[in-house]
Amino acid sequence: LKSCIVGVIGLLIVAVAGAGFLPILQASLVGVVALVAFGVLTATEARNAIELDTIIVIAASFALGAAMDKSGLAAVAARLVLDVSGGSGVHGALLGLVLATVVTTELITNNAAAALLFPIAFASAQQLGVDPRPFAIAVAVAASNSFLTPIGYQTNTMVYGPGGYRFFDYVRVGLPLTITTVITTVIVIPWWWGL
């Protein structure tokens, strides 16, 4: 019975958010309250499920990203990305940005990496005089490319122990995936946006 309740509430959350009645955050909070009300979870279990460390890292990254933008550090970092790319234009800048995002997302959460690199992406696009949307999309895609370590993304960590994996297993399987997605991102995004 509990699994049916969870399934129905999950579908309702998606339907309500998808139809635009409530944002996903509020719909999810209502769903959690419903799960507690129906006895699927206790209030203590719901509270213990919140990963406070992850929330703090993400919030701090948003604050750091805003500070980077306001202080001008994002523009300096963007200039560094453009300099390192050897003045090879949009493709080189995108490649540098994507690689920086991939490295960052392996060290912290993908949300935090995206929040941290977005101001740099925006400043890079401004310095190149191009539409910043492709750069933002490149950061979003690269932040989701967390295949190289068991600590870069929650699902990687979840299967690490139970699956009996070693750290190098992630590198062995993840490196070809990462290379493929980086190349695809750097080629497809400029083509799609006509850069």
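## Aromatic pairs

The count of aromatic pairs in this predicted model comes to three, where rings of Phe, Tyr and Trp (its six-membered ring) pair if their centres lie within 6.5 Å, and planes under 30 degrees apart count as stacked, over 60 as edge-to-face and the rest as tilted. One of them joins Phe-118 and Phe-122: the ring centres sit 6.2 Å apart and the planes meet at 40 degrees, so this pair is tilted. Both residues belong to helix α7 (residues 110-128), and being four residues apart puts about one helical turn between them. Helices here are DSSP runs of H or I with at least four residues, strands are runs of E with at least two, and both are numbered from the N terminus. An α-helix has 3.6 residues a turn, so residues three or four places apart point the same way.

Phe-118 is partly exposed at 39% relative accessible area, and Phe-122 is also partly exposed, at 33%. Another pair, Tyr-165 with Tyr-170, is edge-to-face, with 6.1 Å centre to centre and 75 degrees between the planes. Tyr-165 is partly exposed at 44% relative accessibility, while Tyr-170 is buried at 10%. For these labels, buried is under 20% relative accessible area, exposed is over 50% and partly exposed is in between (1.4 Å probe, protein chains only).

## How to read the model

Residues are numbered from 1 along each chain as its sequence is written. Since this is a prediction, local features need pLDDT of at least 70 and side-chain atom pairs count only at pLDDT 80 or more, though totals for chains, interfaces and linings use all residues; side-chain values use heavy atoms, with hydrogens and water left out.

## The overall layout

The protein chain has 10 helices and zero strands. Of its 195 residues, 33% are buried. Take the contacts between residues at least 6 apart in sequence: 64% of them join residues at least 24 apart. Contact here means heavy atoms within 4.5 Å.

## Helices α1 and α2

Start with α1 (2-19). Ile-5, Ile-9 and Ile-13 are buried in α1. They cover an arc of only 75 degrees around the axis, so they are on the same side of α1; that arc is taken from the directions from the helix axis to the C-beta atoms. The face turned away from the buried side of α1 carries the exposed residues Ser-3, Cys-4, Leu-11, Val-14 and Gly-18. Just after α1 comes Gly-20, with a positive phi of about 85 degrees.

Helix α2 (residues 24-37) has 14 residues that should span 20 Å, and its end C-alpha atoms agree at 20 Å apart. Its buried residues include Ala-27, Gly-31 and Leu-35. Viewed down the axis of α2, the buried residues fall within an arc of 80 degrees, so they line one face of the helix. On the face turned away from that buried side, α2 carries the exposed residues Leu-25, Leu-29, Val-30, Val-33 and Ala-37. Gly-39, which follows α2, has a positive phi near 80 degrees.

## Where α6 meets α8

At what angle do helix α6 (residues 89-107) and helix α8 (residues 133-143) pack? The angle is about 35 degrees, and the axes are 8 Å apart. Axes are lines fitted to C-alpha atoms, for helices over the stretch in contact, and angles run from 0 to 180 degrees between N-to-C directions. The crossing is right-handed, meaning the near helix is turned clockwise from the far one by less than a right angle, with anticlockwise being left-handed. On the α6 side the contact residues include Val-90, Leu-94, Val-98 and Thr-105, and on the α8 side they include Pro-134, Phe-135 and Ala-138.

Thr-101 is in helix α6 and is buried at 0% relative accessibility. Leaving aside neighbours within four places in sequence, Thr-101 is in contact with Ala-113, Leu-117, Val-139, Ala-142 and Ala-143.

## A proline in α7

Pro-119 is found in helix α7, and Pro-119 is buried at 8% relative accessibility. Pro-119 and Leu-73 are 46 residues apart in sequence, yet 9.1 Å apart in space, C-alpha to C-alpha.

Key:
The expected span of a helix is 1.5 Å times one less than its number of residues.
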